[in-house]
Amino acid sequence: MIPMLPDGKRIAKLECPFAELSEYSSQILVGVKAYSERGTGYLIMENGIPAIGYFSSDEGDYRGNDAILIFREPQKFTFEIMTYSEPELRDAVTYAINHKWLVDHQTLPPEEKAELSDEQKLEKILKQPGVLAVAAFFEGFPVHSKGKGDFEKVAAIAEDFHRAGVKIAGDLGIGMMDQIILETSEAKFILAPFGDLFICILTTTNANLGLIRLAIQGVQ
């Protein structure tokens with residue numbers, strides 16, 4: 001598949017629809033190899049926006065805008081995300097230009113995005129590798145929860161944790177508290193704003209915090 005493109009350095013592997021890929025790549029420039037039951041493809045994503053697109057299936061080869069329209073169709077992909085050195089990125093872009101893979105956003109139809117419910121947003125975080133449980137809470141009481149856990153107890157403790165974090169941030173004069181991460185020998189615990197609520201996330205020790213933080217940003 002696409003043998004002339006540079007390998008780059010693989011930083012993540014995701015299984016999700018194309019819309020979620022945009023969220024995970026919202027602050028970086030990456031190359032992406034894509035696989036689905038329908039075919040295989042390639043993207044360069046810049047700050048969550050596809051700059052280059054290609055997709056190949058039994059139905060044919062799709063380039064640029066045509067490829068992005070295929071990616072948008074309901075289907076689940078496996079994405080391999082790579083970072084490139086400057087020479088590798090230059091090689092990838094040159095190859096894509098020569099093969100007419102550039103995306104023209106002036107003629108690309110806007111994407112229709114469905115608004116997720118709070119339950120769906122929590123389900124999305126729960127699907128991240130290493131996440132064991134996630135709960136949204138308000139003033140120490142759980143409002144929504146996914147996974148397995150004693151959410152009444154966790155919500156009460158998370159509320160105390162949040163208040164302590166706000167006080168510590170205030171005492172240190174380092175601005176408003178945005179997120180708290182607690183790491184122990186057995187788990188990681190993340191606390192972050194979630195609309196008018198807060199969410200607390202329990203993960204395994206080897207969970208990828210970068211991916212989870214991107215998932216949180218995508219639902220806030």
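Biologist: Is Leu-172 buried or exposed?
Modeller: Exposed, because its relative accessible area is 58% and the cut-off for exposed is over 50%. Keep in mind that this is a predicted model.

Biologist: Which helix is Leu-172 found in?
Modeller: Leu-172 belongs to helix α5, which covers residues 151-172.

Biologist: And what patch does Leu-172 form with Ile-168 and Ile-174?
Modeller: A nonpolar one on the surface. Together, Ile-168, Leu-172 and Ile-174 have about 330 Å² of accessible area.

Biologist: OK, switching to the sheet. In what order do the six strands come?
Modeller: The order is β1-β6-β2-β3-β4-β5, in an open sheet with antiparallel pairing. At the edges are β1 (9-16) and β5 (60-63), each pairing on one side only. From one strand to the next, the twist averages 15°.

Biologist: How many bridges are there between β1 and β6?
Modeller: Seven, in the antiparallel sense, with β6 made of residues 77-83.

Biologist: Which residue in β6 does Ala-12 stand opposite?
Modeller: That's Ile-81.

Biologist: What about helix α2, which strands is it touching?
Modeller: Helix α2 (residues 65-72) packs on the sheet and touches β2 (29-35), β3 (39-46), β4 (49-57), β5 and β6. The direction of α2 makes about 80° with that of β4.

Biologist: And helix α3, which strands does it lie across?
Modeller: Helix α3, residues 86-98, lies across β2, β3, β4 and β6. Relative to β3, α3 runs at about 120°.

Methods: Residues are numbered from 1 along each chain as its sequence is written. This is a predicted model: local features need pLDDT of at least 70, side-chain atom pairs count only at pLDDT 80 or more; totals for chains, interfaces and linings use all residues. Side-chain values use heavy atoms; hydrogens and water are left out. Patches are made of residues with over 30% relative accessible area and no salt bridge: like charges are joined within 9 Å, nonpolar side chains (Val, Leu, Ile, Met, Phe, Trp, Tyr) within 5 Å. Accessible areas come from the Shrake-Rupley method with a 1.4 Å probe; for residues, only the protein chains shown count as cover. A salt bridge is a side-chain nitrogen of Lys or Arg within 4 Å of a carboxyl oxygen of Asp or Glu. Helices (H or I, at least four residues) and strands (E, at least two) are DSSP runs, numbered from the N terminus. Buried means under 20% relative accessible area, exposed over 50%, partly exposed in between (1.4 Å probe, protein chains only). Two strands pair if DSSP finds at least two bridges between them. Axes are lines fitted to C-alpha atoms, for helices over the stretch in contact, and angles run from 0 to 180 degrees between N-to-C directions. Contact means heavy atoms within 4.5 Å.
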